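Please look over the protein chain shown here. A short report on selected features follows.

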Amino acid sequence: MLILSIKNIRQRKFRTFLITLAVTIGTMSMLIFMGLSEGIKKATFEEMEKNKSLNEITVRPKVENSKTLAIFKAITEKRITKTDLEKISNIEGIDASYPETQFNSITSLEADIMGFSLITDAMLFGLDEGYLINDIKIKDAWKTTSEPYPAIISGKLLDIYNLTIAVPQGLPTVSESSLVGKEITMYPGYSTFFPGLQKKKDQIKFKVVGFSDKVNLIGATIPPQILHDLNQKYSSDKEDKFLQVHLMANSPEDTPKIAEKVQELNFFAKYLLEDMKTVSAKFDYLTYALSAISLIILLTSSLAIIATFLAQIAERIKELGLYRALGARKKHIRHLILIEAGLIGFVGSVFGTILGSLISTLTNTYISNTFTNLDIIPDTFIVLNLKTFTTVILFGTIIALLSAYYPALKAGKISPIKAISK
């Protein structure tokens, strides 16, 4: 029966082409959507892992009310005191703790980028060398005690500049390596929002010694001792208070227990494993949405398959009737049609995966070649794997079989006497 099915497929090339095309389009779209969902999820997790390791727990003051108000209060009012820090650091299972301090006054930063002078209000933060050691590109820079002081900038800030300013305006994009060693100027007590109310009385020089996704986006991060000295000299509030604390657990398995202990001290604890579970759950909705779109496309393809097989059966009434007259049963005719549908569905699914893979490769190549300096854009936007290929081919074949089931039932009911007499 398999040989007969292959023979029938080869004899009706146009009908076979139509069905194969419908399956190819449906499975191709399904492959791309599944790969897109997996790519976005993978890129998100990779970006999260840049900011934190599996051992890290970020501790912040617990703030109520709305998210916007909470962020404002966390920056301007709520702090972790030295007493709080001691209690947190004594929790069992902690390997190291890195408190983050903040400059207690308004300030602005000025930098020259590609010949343009940019000045904006910013914040200044302090973090220990141990937390940033892998991001400091100039050896022993964090030990510098004289101007220009060392500073680390958020890598995302550079991505935002490249993506929102450089690319839209046709300007050259800027890489991290080209800015390491460049100087930036800080004006303590000066705000660009109210330039007429203050003057640039003092200026402090910093040198960019690296970029990191671990540091705060809205300013520069410097050694905590230098930040302490700046607070003593320029701030009315001279007390060192801690914006947040980065804890390193002995192992990833210890993070939930440590986070629970931190929460018992009435602080907010955030760690990567918990974030990944939350993000993964949210990505399930994206997967469902893209799967629904793929299903609609496949169902549209199935209508084309049903129509094509019904038209094909109408053309083959005498042939199918002859099979019945020669002793073929109804189930044999049904099996004949379903085998043809399964073969065409399988071949169409394979073509769909090949075409979808080609489009995915071209898309990924275009992205990687176009956005060479943007870490915020993943090199592989559409991720394909063996599981995706297997799922798409299997699903496409099953859709073809289900679509051909009704035509197969109809073919099995053909009367041999009426078919031959026509």
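D140 counts as partly exposed because its relative accessibility is 45%. Buried means under 20% relative accessible area, exposed means over 50%, and partly exposed lies in between (1.4 Å probe, protein chains only). D140 sits in the loop between helix 5 and strand 5. Its phi is near 60 degrees, a positive value in a residue other than glycine.

This is a predicted model: local features need pLDDT of at least 70, side-chain atom pairs count only at pLDDT 80 or more, and totals for chains, interfaces and linings use all residues. Residues are numbered from 1 along each chain as its sequence is written, and side-chain values use heavy atoms, with hydrogens and water left out.

Helices (H or I, at least four residues) and strands (E, at least two) are DSSP runs, numbered from the N terminus. The protein chain has 14 helices and 10 strands. Of its 422 residues, 42% count as buried.

Most residues other than glycine have a negative phi, and most peptide bonds are trans.

A cis peptide bond joins E147 and P148, with omega about -5 degrees. P148 lies in the loop between helix 5 (129-132) and strand 5 (149-154).

Next comes a strand residue. Is E100 buried or exposed? At 2% relative accessibility, E100 counts as buried. E100 belongs to strand 2 (residues 94-102). E100 and L127 are 27 residues apart in sequence, yet their C-alpha atoms are 5.2 Å apart in space. Contact means heavy atoms within 4.5 Å. Leaving aside neighbours within four places in sequence, E100 is in contact with several residues, including F125, L127, K241 and H246.

Now for two packed helices. Helix 12 (residues 330-370) and helix 13 (residues 386-412) pack at an angle of about 150 degrees, with axes 7 Å apart. Therefore helix 12 is roughly antiparallel to helix 13. Axes are lines fitted to C-alpha atoms, for helices over the stretch in contact, and angles run from 0 to 180 degrees between N-to-C directions. Angles under 35 degrees count as roughly parallel, over 145 as roughly antiparallel, 65 to 115 as roughly perpendicular and the rest as oblique.
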